[in-house]
Amino acid sequence: MPKVKPIPDGMHTVTPHLICAGAAAAIEFYKKAFNAMEEGRLPGPQGRLMHAMIRIEGSAVMLVDEMPEWGAFGPKSLKGSSVTIHLYVENVDAVVARAVGAGAKITMPLADMFWGDRYCKLEDPFGHHWSVGTHIRDVSPEEMKQAMQKMGG
């Protein structure tokens, strides 16, 4: 019998697992906003999704519907999220425009940042926070430190 891999092929050590009020609708949003590819879904009682998985640029993201009886609440039920999921993309301007067109709202405007990324923060219609960036220049640790000091950090 072959040995089972502890981390399945195509998976990374850390995988976001999002709880959504309306996981099926969230999947459709992520397809439009981030060109996500759906890999599968497992429907459960009352039409809720017990498990689903999408890939964004090759990275897996798992989703499940809210299930209060199991202590599973999405950010809207919790009145916010303390987590931001970061996406590095080839063209941040295009991705932000597509995400906003799909229903995301900008929470930090698109700008060139001192650490070398063109960067923006978004909130999706389900309350999850996303940062999106394209690396546009390499910055030395000393340059970054100086830039932070200028900002008062």
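Q: What makes up the secondary structure of the protein chain?
A: In this predicted model, the protein chain has 3 helices and 8 strands. Along the sequence they follow the pattern β-α-β-β-β-β-α-β-β-β-α.

Q: Why are β1 and β2 called edge strands?
A: Let's start with their sheet, which is open, has 4 strands in the order β1-β4-β3-β2 and shows mixed pairing. The edge strands β1 (17–20) and β2 each pair on one side only. Two strands count as paired if there are at least two bridges between them, so β1 and β4, with 4 bridges, qualify as a pair. The twist of this sheet averages 20° from one strand to the next.

Q: What lies between the strands of the two hairpins?
A: The hairpin of β2 and β3 has 5 residues between its strands, and Q46 in that turn has a positive phi of about 55°. The hairpin of β3 and β4 has 2 residues between its strands, with E57 in the turn at a positive phi of about 50°.

Q: Why is strand β3 described as mostly covered?
A: A residue is called buried when its relative accessible area is under 20%. In β3 (residues 49–56), 6 of the 8 residues are buried, so the strand is mostly covered. For the protein chain of 153 residues, the share that counts as buried is 36%.

Q: How do you know that helix α1 touches the sheet?
A: Contact means heavy atoms within 4.5 Å. Helix α1 (residues 23–34) packs on the sheet and touches β1, β2, β3 and β4, so heavy atoms of the helix come within 4.5 Å of those strands. The direction of α1 makes about 5° with that of β3.

Q: What is the strand order of the sheet that holds β7?
A: This open sheet of 4 strands has the order β5-β8-β7-β6, with mixed pairing. Its edge strands are β5 (84–88) and β6 (105–112), each pairing on one side only. The twist here averages 15° from one strand to the next.

Q: How do you know that β6 and β7 are a pair?
A: At least two bridges are needed. β6 and β7 (residues 117–123) have 5, so they count as a pair, and its sense is antiparallel. One example is A111, whose bridge partner in β7 is Y119.

Q: Which strands does helix α2 touch?
A: Helix α2 (residues 92–102) packs on this sheet and touches β6, β7 and β8 (129–135). Its direction makes about 10° with that of β7.

Q: How many charged side chains does the protein chain have, and how far apart are the centres of the two sets?
A: There are 16 positive and 17 negative side chains, and the centres of the two sets lie 3 Å apart.

Methods: Residues numbered from 1 in each chain as written. Predicted model: local features only at pLDDT ≥ 70, side-chain atom pairs only at ≥ 80, totals over all residues. Heavy atoms only, no water. Buried < 20%, exposed > 50% of the residue type's maximum accessible area, 1.4 Å probe, protein only. Lys, Arg positive; Asp, Glu negative; His and termini not counted. Charge placed at Lys NZ, Arg CZ, Asp CG, Glu CD. Axes fitted to C-alpha atoms, helices over the stretch in contact; angles between N-to-C directions.
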